[in-house]
Amino acid sequence: MTDAGRLARHISDARRVMVFTGAGISTESGIPDFRSPGGVWSKMSPIYFQDFVASRDARRESWRRVFNRTEGWTGAEPNVGHYAVSDLVKRGKVSSVVTQNVDNLHQASGVPDEKVIEIHGNASYAKCLQCGKRYEFESLRERWENDEDLTCIFCTGLLKNATVSFGQAMPEIEMQRAGEEALLCDLCLVLGSSLVVYPAAAIPIEAKRNGARLIIVNREPTDQDPFADLVLHKEIGSLLTDTMAILDK
Ligand code: APR
């Protein structure tokens, strides 16, 4: 049986699938991942949350990356991998998409907002760290260009893009929802993650511990491969295209 055939069999047999995605599902949309050769962390260092809060220079650099979109991926579109996941959600096979990604591409591919659990936040808007008020980036650009420290107009708290930085608290509600999904699913399908960043990377293992089957689709080996029921070191786009073709037969 082909890899796509084995994956299709597991998906077909599953009652409730939790899809867990990392940056690897978005590389075919032109968004670099973090740890592949040439990935984001080979070009710039992460800005740690405590540094963002303590240092104006760190905040300026963080906002420079937002306004100059140094990751160079504005306007990225979903790829066949996102659409395959979205299709499985529409068929009622996938109950939730727990994603480490902040690029909004699962929503853009048609997965309803309420089924996307963004455990590392979202890079398309800003939030006040104190009161949580949401700000659209363009409403802040002029103040940033005037070299202002971007603070909330209501409570004067610091504004930051709505992603979760290293050292920043994980979003409580999203982590609770992801934990519930890990408890309820009978198949956890990991797509494109090196599974090295915790507590996010604990979620697939939690599902496995709760009795779910664990399938890892990733170009490179991961530390969690030994615990998986099926490991496919394949390109996500082509594999899911073939898998969906088999499921459609
Ligand atoms: N098909 C299959 N696998 C792929 C593809 C592809 N087209 N493209 C990349 N990959 C694999 C890479 O081999 C890599 O192992 O996806 C994995 C992506 O791993 P990372 O770059 O570490 O990304 P991720 O696992 O999402 O990182 C987790 O780290 O820096 C933080 O907050 C950031 O959410 C991110 C977290």
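Which residue of strand 8 does Leu191 stand opposite? Leu191 faces Val217. The model behind these notes is predicted.

1. **Strand 7 and its burial.** Strand 7 covers residues 187-191. Five of its five residues are buried, so the rest of the structure largely encloses this strand. Buried here means under 20% relative accessible area. Leu187, Leu189 and Leu191 point one way from strand 7. Cys188 and Val190 point the other way.

2. **Partners of strand 7.** Strand 1, residues 17-21, runs parallel to strand 7 and is joined to it by five bridges. Within this pairing, Val19 stands opposite Leu189. Strand 8, residues 213-217, also runs parallel to strand 7, and five bridges join the two. The Leu191 and Val217 pair belongs here.

3. Three strands make an open sheet with antiparallel pairing, in the order 5-4-6. Strand 5 (134-135) and strand 6 (159-163) are the edge strands, and each pairs on one side only. Strands in a sheet pair through backbone hydrogen bonds, parallel or antiparallel.

4. **Strand 4 to strand 5.** Strand 4 takes in residues 121-128. Two bridges join strand 4 to strand 5. Ala126 has Tyr135 of strand 5 as its bridge partner.

5. Helix 4, residues 56-67, lies across strand 4 and strand 6. Helix 4 runs at about 55° to strand 6.

Note on methods:
Residues numbered from 1 in each chain as written. Predicted model: local features only at pLDDT ≥ 70, side-chain atom pairs only at ≥ 80, totals over all residues. Heavy atoms only, no water. Pairing = 2+ DSSP bridges. Helix = DSSP H or I, 4+ residues; strand = E, 2+ residues; numbered from the N terminus. Contact = heavy atoms within 4.5 Å. Axes fitted to C-alpha atoms, helices over the stretch in contact; angles between N-to-C directions. Buried < 20%, exposed > 50% of the residue type's maximum accessible area, 1.4 Å probe, protein only.
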